[in-house]
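The sequence and coordinates are displayed below.

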Amino acid sequence: MYRERLWVPVGWWVLTGLFALSLLIAVLFYLGPAWGLGSGVLVMVVMGGAFLRYGREEVRVERDRLWVGGANIEWPYIAQVRVLDEHATRRRRGPDSDARAYLVLRPYLNRAVEVTIADRTDPTPYWLISSRRPQRLAEAIASRFGADETNASADAGADAVVRPQVSPPRDTVES
């Protein structure tokens with residue numbers, strides 16, 4: 001089983017602390033210490049809650065399915081797994097993107113894993129998942145296919161699921 005949290009980087013916490021401190025000082029001199037301290041604490045509580053909620057997103061590879069946040073997909077409905085380098089990730093979430101794709105992206109993570117969906121009834125063509133360790137995530141996803149020998153069900157519309165191979169990162173993306 002593989003598990004990864006997409007925590008907010010420490011730099012964001014430092015910037016939030018500095019912003020709260022500057023607000024505390026500005027309000028302190030204008031309205032007094034009670035208002036200054038209150039505004040600084042309020043900023044830290046609100047931003048801290050937002051960061052904790054934003055970074056709570058979790059990617060899990062379990063025995064029967066892939067979980068990304070609250071979304072999940074069973075193994076027979078995955079066709080391919082591909083590790084994307086920084087350039088390919090930028091292209092895939094920008095000019096080469098598909099509006100129907102399921103995206104779990106974080107601006108502080110430069111690389112991603114693309115999971116192609118094999119279910120013809122699902123309008124989502126692929127999942128693009130940011131990761132700190134995309135190679136490990138892709139290997140964990142691919143390893144589940146060796147353990148699961150079932151094919152997609154007939155109502156999924158797929159003839160047979162192509163077992164994914166982890167594609168190495170490429171320097172360029174074809175146009």
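## Surface and overall fold

The protein chain has an accessible surface of about 9,900 Å², and carbon and sulfur atoms account for 59% of that surface. Accessible areas come from the Shrake-Rupley method with a 1.4 Å probe, and for residues only the protein chains shown count as cover. The model is predicted: local features need pLDDT of at least 70, side-chain atom pairs count only at pLDDT 80 or more, and totals for chains, interfaces and linings use all residues. Residues are numbered from 1 along each chain as its sequence is written, and side-chain values use heavy atoms, with hydrogens and water left out.

The protein chain contains four helices and nine strands. These are DSSP runs numbered from the N terminus, where helices are H or I of at least four residues and strands are E of at least two. Read from the N terminus, the order of elements is β-α-α-β-β-β-β-α-β-β-β-α-β. Of the 175 residues in the protein chain, 40% are buried; the term buried denotes under 20% relative accessible area, exposed over 50%, and partly exposed the range in between (1.4 Å probe, protein chains only). Among contacts in the protein chain with a separation of 6 or more, 67% join residues 24 or more positions apart. A contact requires heavy atoms within 4.5 Å.

The expected span is 1.5 Å times one less than the number of residues in the helix. Thr16, Ala20 and Val27 are buried in helix 1. They lie on the same side of helix 1, because they cover an arc of only 40 degrees around the axis; the arc is that of the directions from the helix axis to the C-beta atoms. The other side of helix 1 holds the exposed residues Val10, Leu15 and Phe29. Just after helix 1, Gly32 adopts a positive phi of about 115 degrees.

Helix 2 (residues 33-54) also has its span stated: its 22 residues reach 31 Å from first to last C-alpha, close to the 32 Å expected at 1.5 Å a residue. Its buried residues are Gly36, Ser39, Gly40, Val43, Gly48 and Phe51. These cover an arc of only 155 degrees around the axis and therefore fall on the same side of helix 2. On the face turned away from that buried side are the exposed residues Ala34, Trp35, Leu42, Val45, Val46 and Arg53. The buried residues of helix 2 pack against helix 1 (10-31), and those of helix 1 pack against helix 2.

## Nonpolar cores

A nonpolar core is a set of buried Ala, Val, Leu, Ile, Met, Phe, Trp, Tyr and Cys residues joined through side-chain atoms within 4.5 Å. The largest has 26 residues, of which Val61, Leu66, Val115, Trp127, Ile129, Leu137 and Ile141 touch the most other members. At least two residues of this core come from each of strand 2 (58-61), strand 3 (65-68), strand 5 (78-84), strand 7 (112-117), strand 8 (126-130) and helix 4. Helix 4 provides the largest share, four residues. Another core, of six residues, lies apart from it and includes Ala88, Ala101, Ala112 and Tyr126.

Beyond residues up to four places away in sequence, Ile141 touches Val61, Leu66, Trp75, Val81 and Val115. Ala140 is located in helix 4 (residues 134-147) and is buried, at a relative accessible area of 14%. Apart from neighbours within four places in sequence, Ala140 contacts Tyr2 and Val61. Ala140 and Leu66 are separated by 74 residues in sequence and by 9.9 Å in space, C-alpha to C-alpha.

Ser130 belongs to strand 8 and counts as buried, at 0% relative accessibility. Excluding neighbours within four places in sequence, Ser130 is in contact with Leu6, Val104, Leu105, Arg106, Leu109, Arg111 and Ala112. A polar atom of the Ser130 side chain lies 3.1 Å from the backbone nitrogen of Arg106.

Asp85 occupies the loop between strand 5 and helix 3 (86-92). Asp85 is buried, with a relative accessible area of 15%. A polar atom of the Asp85 side chain lies 2.8 Å from the backbone nitrogen of Ala88.

Terms used:
A polar contact is a pair of N or O atoms within 3.5 Å; within protein, one must be able to donate a hydrogen and the other to accept it, and residues adjacent in sequence count only if both atoms are side-chain atoms.
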